[in-house]
Amino acid sequence: MKDFHIHSGLIEHTNDDIFSIAQKAKELGFTEITILEHISPFKIKYPANLDPSNTIFADKIPETYSRRTSTVSVLVEQCKKAEAEIGIKINRSLEVDYYKSFENDIKDYEKHGLDYLTLSSHYVEDPKADDENKLIHIGFSKNMNYFLEKYGEEKLFELYFKNLMNGVKSGLFELVAHLDFFGRALENYDHRKVIKYVEPILEQIIKREMFLELNISQEKLQPALEIIEKYKELGGNKLVFGSDSHSLSDLVGSIEKRQKFVELVDVK
Ligand SMILES: [Zn+2]
Ligand SMILES: [Zn+2]
């Protein structure tokens with residue numbers, strides 16, 4: 001059993017440390033896991049809220065940042081130690097908030113001894129906003145509603161997938177997390193409306209031999225089942241599980257969900 005998406009307590013969104021996670025994963029029968037943390041190369045601001053983001057930092061933690069956080073080198077060191085002591089393969093990664101104009105910063109993350117970078121698109125650009133307020137986190141319904149009222153659903157799909165496509169083509173990433181992430185906050189999300197945007201992205205993912213994550217953290221599968229079917233139809237065979245666990249109990253709870261979907265993926 002493998003899981004390519006587990007968060008740790010190095011930053012404030014979870015409390016369990018890397019050793020406890022590795023220990024629990026081993027007990028549960030996992031042979032390989034990925035520990036990763038959120039990282040944003042840009043300074044996050046968005047209209048509907050103040051900055052509630054949790055992020056790890058590449059080098060230095062800014063003095064103004066008040067949440068519990070850490071650095072990438074600590075993540076790498078702790079994963080190495082846990083791997084040696086507990087005896088389970090631990091990949092070290094970052095869940096990177098991709099945006100094209102920050103590719104150089106993202107490239108810099110590679111020097112920290114990570115195994116690979118995980119492409120994640122949590123933000124959509126606000127076409128009319130100034131640079132400071134350009135990126136909106138669309139995982140929150142408040143922000144989603146703000147965007148939809150201003151630009152409508154089609155614009156959301158267009159901009160979201162444009163960003164994702166750029167990320168896939170950047171060559172910086174090995175794994176694509178929650179391909180249709182916006183579906184978490186979009187009421188009555190109908191995947192049929194996005195197939196035309198998704199198909200060329202799936203083709204690129206397959207061509208570049210990237211992994212595609214089946215994210216099982218929510219009630220809705222991400223990507224939606226029909227998107228996975230399309231991926232397989234196009235010849236994709238690098239689908240992997242990501243529990244997106246934010247606690248030990250999330251990890252335990254993911255086992256049942258994974259059993260439901262195990263026939264869909266090629267890595268068990
Ligand atoms: Zn995410
Ligand atoms: Zn995550």
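How many bridges join β8 to strand β9 (residues 239-242)? Selecting both strands gives the answer: 4 bridges join them, and the two strands run parallel.

**Before starting**

This is a predicted model, in which local features need pLDDT of at least 70, side-chain atom pairs count only at pLDDT 80 or more, and totals for chains, interfaces and linings use all residues. Residues are numbered from 1 along each chain as its sequence is written, while chains are lettered from A and ligands numbered from 1 in the order in which they are written.

Colour the chain by pLDDT, the predictor's confidence in each residue, from 0 to 100. The chain averages a pLDDT of 91, and 96% of the residues score at least 70. Residues 46-50 have a pLDDT below 50, although this stretch has 15 contacts in the model beyond near neighbours in sequence. Two residues are in contact if their C-beta atoms, placed from the backbone, lie within 7 Å. Where pLDDT is low, the predicted coordinates should not be read in detail.

**The sheet**

Helices (H or I, at least four residues) and strands (E, at least two) are DSSP runs, numbered from the N terminus. Two strands pair if DSSP finds at least two bridges between them.

Select the open sheet of 7 strands, whose order is β1-β2-β3-β4-β7-β8-β9, with parallel pairing. β1 (2-6) and β9 stand at the edges with a single partner strand each, so one side of each is left without a neighbour in the sheet.

Strand β2 (residues 32-39) runs parallel to β1, joined by 3 bridges, and Asp3 has Ile33 as its bridge partner in β2. Next select helix α2 (residues 72-87), which packs on the sheet and touches β2 and β3 (89-97). The direction of α2 makes about 160° with that of β3; such angles run from 0 to 180 degrees between N-to-C directions, with axes fitted as lines to C-alpha atoms, for helices over the stretch in contact.

A crossover is right-handed if, with the strands pointing away from the viewer, the path from the first strand over the helix to the second runs clockwise.

**Strand β8**

Move to β8 (residues 211-215). Are its residues buried or exposed? In this strand, 5 of its 5 residues are buried. A residue is buried if 20 or more other C-beta atoms lie within 10 Å of its own, exposed if 12 or fewer, and partly exposed in between, with C-beta atoms placed from the backbone. Phe211, Glu213 and Asn215 lie on one side of β8, and Leu212 and Leu214 on the other.

On one flank, strand β7 (residues 175-176) pairs with β8 in the parallel sense over 2 bridges, and Leu175 has Phe211 as its bridge partner. Toward β9, the bridge partner of Leu214 is Phe241. Two right-handed β-α-β units can be displayed here: one is made by β7, helix α6 (residues 195-207) and β8, and another by β8, helix α7 (residues 225-233) and β9.

**Helix α7**

In α7, select Ile227, Ile228 and Tyr231, which are buried. These residues cover an arc of only 100° around the axis, which puts them on the same side of α7; the arc is that of the directions from the helix axis to the C-beta atoms. Their cover includes α6, β8 and β9. On the other side of α7, Glu229 and Glu233 are exposed. Gly235, which follows α7, has a positive phi, near 105°.

**Helix α4**

Helix α4 (residues 141-151) has Asn143, Met144 and Phe147 buried. Seen down the axis, its buried residues fall within an arc of 100°, so they line one face of the helix. They pack against β5 (123-125), β6 (135-137) and α5 (153-169). Gly152 follows α4, and its phi is positive, near 85°.

Select Glu174, in the loop between α5 and β7. Glu174 is partly exposed, with 18 C-beta neighbours inside 10 Å. Leaving aside neighbours within four places in sequence, Glu174 is in contact with Tyr116, Leu117, Met210 and Phe211. The C-alpha atoms of Glu174 and Met210 are separated by 5.0 Å, although the two are 36 residues apart along the chain.

Finally, select Met165 in helix α5. Not counting residues up to four places away in sequence, Met165 touches Pro200, Ile201 and Gln204.
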